[in-house]
Amino acid sequence: MASFAGAFASSHGPLLVREWDSIPEDEKLRLEKAFRELGRRVTAARPDVLVAVSPDHWANFSLDNYPAVCIGVGETSEGPPEPWMKAYPHRQIAAHPDFALHLLNESLKAGFEPSMSHRLKLDHGTCIPLWRMELAKMPAIVPMLVNSIEPPMPSLARCLEWGKLLRRAIESFPGSLRVAILATGGLSHSIGEKTMGAIHEDFDRETIRLFGASEPELVGYLEKQLPSRGNGSEEVRNWLVAHGAAGGRGFELVDYLPVPAVIVGCGFASWR
Ligand SMILES: [Fe+2]
């Protein structure tokens with residue numbers, strides 16, 4: 001049987017690439033250190049498969065059709081389509097169709113109804129953390145795109161349930177795989193709205209604290225706060241998927257720092 005190898009979370013944001021050189025040196029060093037430490041933890045977990053839980057920043061979907069959740073079941077995914085991600089070294093990213101199809105089937109059996117795609121592009125949401133973590137060996141990447149940017153979105157409670165389902169799917173997969181989760185997005189940021197650029201450090205720190213508290217406390221706080229903490233904060237949904245998969249336990253902060261130059265409250269964490 002497959003086993004759960006761990007869960008990991010990282011912020012992302014276009015300016016972490018586009019404005020990298022204008023980040024103050026001390027913050028850049030901390031970001032580099034945090035990404036590398038996360039990469040070290042991923043490597044230590046020895047995953048064969050990494051389920052990348054991220055939003056789709058309109059690389060695959062549009063307002064014509066934006067699924068709540070989409071699982072990539074293809075042999076490969078395409079690298080990021082954003083022109084400023086051109087230097088990302090992987091243009092084709094190997095996936096794991098057997099595990100992805102198992103996850104899809106287990107989801108449907110359990111009354112969850114994700115969409116599926118045989119051909120996804122993995123945008124900066126997935127690829128910036130993969131890039132900056134500097135993994136020596138890239139695991140197979142199974143994309144799980146969760147709508148965490150375009151309202152209406154899946155409920156926070158449902159995201160936790162998705163995590164628990166993901167864990168059951170891992171543990172019922174008939175093969176000796178090690179499967180980990182990489183959740184990307186958040187913490188507070190605001191893109192293309194009146195509060196663009198705002199970072200809510202108080203919200204970020206309390207959210208981090210509550211990952212160590214009970215699920216109802218965490219979800220209750222986020223339900224109240226998310227509407228006023230910038231649209232990017234909604235991406236914390238992906239962290240909830242990871243938290244659910246880890247059974248709501250073992251959250252460990254790698255680092256948190258608000259970075260005005262990239263307009264993101266940058267958080268990095270793992271569960272074990
Ligand atoms: Fe994002």
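**Exercises: cysteines and an iron site**

Cys-70 is buried, with a relative accessible area of 1% (buried means under 20%, exposed over 50%, partly exposed in between, using a 1.4 Å probe and protein chains only). Before you start: this is a predicted model, where local features need pLDDT of at least 70, side-chain atom pairs count only at pLDDT 80 or more, and totals for chains, interfaces and linings use all residues. Residues are numbered from 1 along each chain as its sequence is written, and side-chain values use heavy atoms, with hydrogens and water left out.

**Exercise 1.** Find how many disulfides the whole structure has.

*Solution.*
- Start with the rule: a disulfide is a pair of cysteine sulfur atoms within 2.5 Å.
- Searching the whole structure turns up zero disulfides.
- Check Cys-70: the nearest cysteine sulfur belongs to Cys-159 and is 15 Å away, and Cys-70 is in no disulfide.
- Cys-159 is in no disulfide either, its nearest cysteine sulfur being that of Cys-70.
- Cys-159 is buried too, with a relative accessible area of 1%.

**Exercise 2.** Work out which residues hold the iron ion and where His-12 and Glu-235 sit.

*Solution.*
- Donors are N, O and S atoms within 2.8 Å of the metal (3.2 Å for Na, K and Ca); water is not among the atoms, so sites may look incomplete.
- The protein donors here are His-12 (NE2), His-57 (NE2) and Glu-235 (OE), 1.9 to 2.1 Å from the iron ion.
- Along the chain, their spacing reads H-x44-H-x177-E.
- His-12 lies in the loop between strand 1 (3–10) and helix 1 (15–18), and Glu-235 in the loop between helix 7 (215–225) and helix 8 (236–245), so the pair ties together parts 223 residues apart in sequence. (Helices, H or I with at least four residues, and strands, E with at least two, are DSSP runs numbered from the N terminus.)
- Both His-12 and Glu-235 are buried.
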